Amino acid sequence: MSMFGGIDTSASGLTAERLRMDVISNNLANANTTRTLEGGAYHRRYVVFQPREYDREKGFGFFMANALHKNRKNRDRGNGVRAVRIEEDRRQGPLVYDPGHPDANAEGYVERPNVNAVAEMVDLITASRAYEANVTAINAAKAMTTQALDIGRS
């Protein structure tokens, strides 16, 4: 891995976890939304991640890896993560009997969003901790780079 490979990998993690936190926040904000533009109750969303590959990401890390590593096997390790899409959880939410509600069906039931606030908060804390871990890794890589430059000056 190049000198900046650790920073690049952690930066991809920061971007991915930030998107995950945004999606979770949106889920929590719509936890009581029974009418959407598409019709029906809000359905929770989640982010799908996949490992990032240098062949698809033509950034600085790609060129550094090509310069430093000759075999493909080593280049594929530690490239980071990327979000490929945001999926919608299509499971039906709980039905609540409320015949006076404007979104009630003919039997008087209202479909509530399938958002579990406790599970979303656990996911939010997990994403926040992963974000913090990536910040710590970037700071460690910066400190190592600074120390390496200091050694070169001596």
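User: Before anything else, what do buried, exposed and partly exposed mean here?

Analyst: Buried means under 20% relative accessible area and exposed means over 50%, while a residue in between is called partly exposed. The model to which these words are applied here is a predicted one.

User: Is Tyr97 buried or exposed?

Analyst: In this predicted model, Tyr97 has a relative accessible area of 53%.

User: Which residues form the aromatic pair, and what is its geometry?

Analyst: A search of the whole structure finds one aromatic pair, and its rings belong to Tyr97 and Tyr109, with their centres 5.3 Å apart. Since planes over 60 degrees apart count as edge-to-face, and the planes of Tyr97 and Tyr109 stand at 65 degrees, the geometry of this pair is edge-to-face.

User: How many residues apart in sequence are the parts that this pair ties together?

Analyst: Tyr97 belongs to strand S3, which covers residues 95-97, whereas Tyr109 belongs to strand S4, which covers residues 109-111. Tyr109 is itself partly exposed, with a relative accessible area of 36%. The parts that the pair of Tyr97 and Tyr109 ties together are separated in sequence by twelve residues.

User: Are helices H1 and H4 roughly parallel or roughly antiparallel to each other?

Analyst: Helix H1, residues 5-29, packs against helix H4, residues 117-153, with the two axes 9 Å apart and at an angle of about 160 degrees. The crossing of H1 and H4 is left-handed, and their contact has 16 nonpolar, six polar and six charged residues. Because angles over 145 degrees fall in the class concerned, H1 and H4 are roughly antiparallel.

User: Which residues is Ser10 in contact with, leaving aside its neighbours within four places in sequence?

Analyst: Ser10 is a residue of helix H1, and with a relative accessibility of 7% it counts as buried. Once the neighbours within four places in sequence are left aside, the residues in contact with Ser10 are Asn134, Ala137 and Ile138.

User: How far apart in space are Leu28 and Met121, C-alpha to C-alpha?

Analyst: Leu28 also has its place in helix H1, where it counts as partly exposed at 26% relative accessibility. Leaving aside neighbours within four places in sequence, Leu28 is in contact with Ala117, Glu120, Met121 and Leu124. Although Leu28 and Met121 are 93 residues apart in sequence, their C-alpha to C-alpha distance in space is 8.4 Å.

Technical notes:
Residues numbered from 1 in each chain as written. Predicted model: local features only at pLDDT ≥ 70, side-chain atom pairs only at ≥ 80, totals over all residues. Heavy atoms only, no water. Phe/Tyr/Trp six-rings, centres within 6.5 Å; stacked < 30°, edge-to-face > 60°. Helix = DSSP H or I, 4+ residues; strand = E, 2+ residues; numbered from the N terminus. Buried < 20%, exposed > 50% of the residue type's maximum accessible area, 1.4 Å probe, protein only. Axes fitted to C-alpha atoms, helices over the stretch in contact; angles between N-to-C directions. Parallel < 35°, antiparallel > 145°, perpendicular 65-115°, else oblique. Left-handed = near helix turned anticlockwise from the far one by under 90°. Nonpolar A, V, L, I, M, F, W, Y, C, P; charged D, E, K, R; others polar. Contact = heavy atoms within 4.5 Å.
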